[in-house]
Amino acid sequence: GVAKKWLGDGIKWMIFFQDTNGLAFHTLPLALGVSVKFDLAMNSIAVPRKAKQAIGGITRLENEKGEQRTINVEYNQLDPLLRSSGFPDGDVNDEKTGFSPFPGNINQLLFKLEPYSAALEKTKGIMPEFVNPKYKDAEKTVFKKPTRLECMMQDFPTVLEGEEAKKVGFTSIASDLCFSPVKNATKDGVALQKKGTHPGVAASGEADQYAAVRKIMQSIGCDITDAKPATYSGITIVPGPEIVLKPSFVSCPADYKVKFPNPSSIKISARSSLVINGSGVVIESLDLDGALVIDCEEGASGVISDLVVKNDGWKKVRDGSRDNEIIRMRGYHLDKVETKTITVTKDGIVDAKSVSPPNNEAVSSPKNEARDVDTTEESLTEPAPEEAEDKTQFCGGCTIF
């Protein structure tokens, strides 16, 4: 009854996200626009896919009656299906694009809630089941791992009928903006990266988040220099600059032009770290070479102009032996050598001097000597207080869960 209740509450769209893939949120507004434009009951976010790559392919299947369905076919089934259906070469790359004609399904699924709820009512939530064996040998006599009965949400089109079955599509987006799962052990990621495949580990997932924000900022005209590749615990990444824009500051790519109205006046060096939190702040001009944290209190507003920051910043220190599992997964710890903190309050902008740990005592504001400024270290992973308090996570008619 959850989907039915949401529908009754006026919610129109619903997104399923999985595979520990945080990048999917950057392109969610784009996928939603495609769904609205084409009135899609289901929209799969997809990425360009190499032939025989171990990721399901989005296909259009047609039965003997001429009925068509746009649906995912698992990667180990796609090549045999093609060979038995008039494609003797099976799954091969297109000569012009270098990719398979069948885009990769990354299981970020956007549903129109009305047909989704109706399908659940009709089927009572029961989905088709199948067995998907994975074999260790070419003769297919030894299982790679125990075979199980599976039921997958990407098979939802199989329960749609009539006109609704025709309203299934996909949105293909460059993988560096929408797909960076964190699901592999570091040693497995090292082996994958040596083969030219994305490692899918903690270090790459974090680096790709920074990279996606940089690409969006660069696309609107910001001057951001990418760092040179570096290797941590065998995983090679582009480590920076690290830019964390909290959802309270920007929630989709369209917000960037509002928050950075003069992008040509934004310059960030390769070794920099930038964290911005709060809906009321606008960055008109910034020259950053170091570490900067801007925190805007709820209900406050301010404009940052002609700001030049140069300090020792934050440094990644290779570290694979610590007891801390998070540090061990990343392959480094962050040494916050020096940080400049600016707090935007309802009373105005409070500019704190650069501070260096471990001296984390409050710093008096140069504009108001009686006011203390919080200079504690900013977490790159924890939500801001006002974000943590928001239990509903409703946004523009969507609910994200």
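**Exercise 1.** Is F249 buried or exposed? Determine also how F249 and F260 are arranged as an aromatic pair.

*Solution.* The model is predicted, so local features need pLDDT of at least 70 and side-chain atom pairs count only at pLDDT 80 or more, while totals for chains, interfaces and linings use all residues. Residues are numbered from 1 along each chain as its sequence is written, and side-chain values use heavy atoms, without hydrogens and water.

Step 1. Buried means under 20% relative accessible area, exposed over 50%, and partly exposed in between (1.4 Å probe, protein chains only). With a relative accessible area of 3%, F249 is buried; F260, at 1%, is buried as well.

Step 2. Rings of Phe, Tyr and Trp (its six-membered ring) pair if their centres lie within 6.5 Å; planes under 30 degrees apart are stacked, over 60 edge-to-face, and the rest tilted. F249 and F260 are edge-to-face, 5.8 Å centre to centre with 75° between the planes.

Step 3. F249 lies in the loop between β12 (242-245) and α8 (254-259), and F260 in the loop between α8 and β13, so the pair ties together parts 11 residues apart in sequence. Helices (H or I, at least four residues) and strands (E, at least two) are DSSP runs, numbered from the N terminus.

**Exercise 2.** In which order do the four strands of the open sheet stand?

*Solution.* Step 1. Two strands pair if DSSP finds at least two bridges between them. Two bridges join β9 to the parallel strand β13 (residues 266-268), where I268 stands opposite I224.

Step 2. The order is β9-β13-β16-β19, with parallel pairing. The edge strands, β9 (223-224) and β19 (307-310), each pair on one side only.
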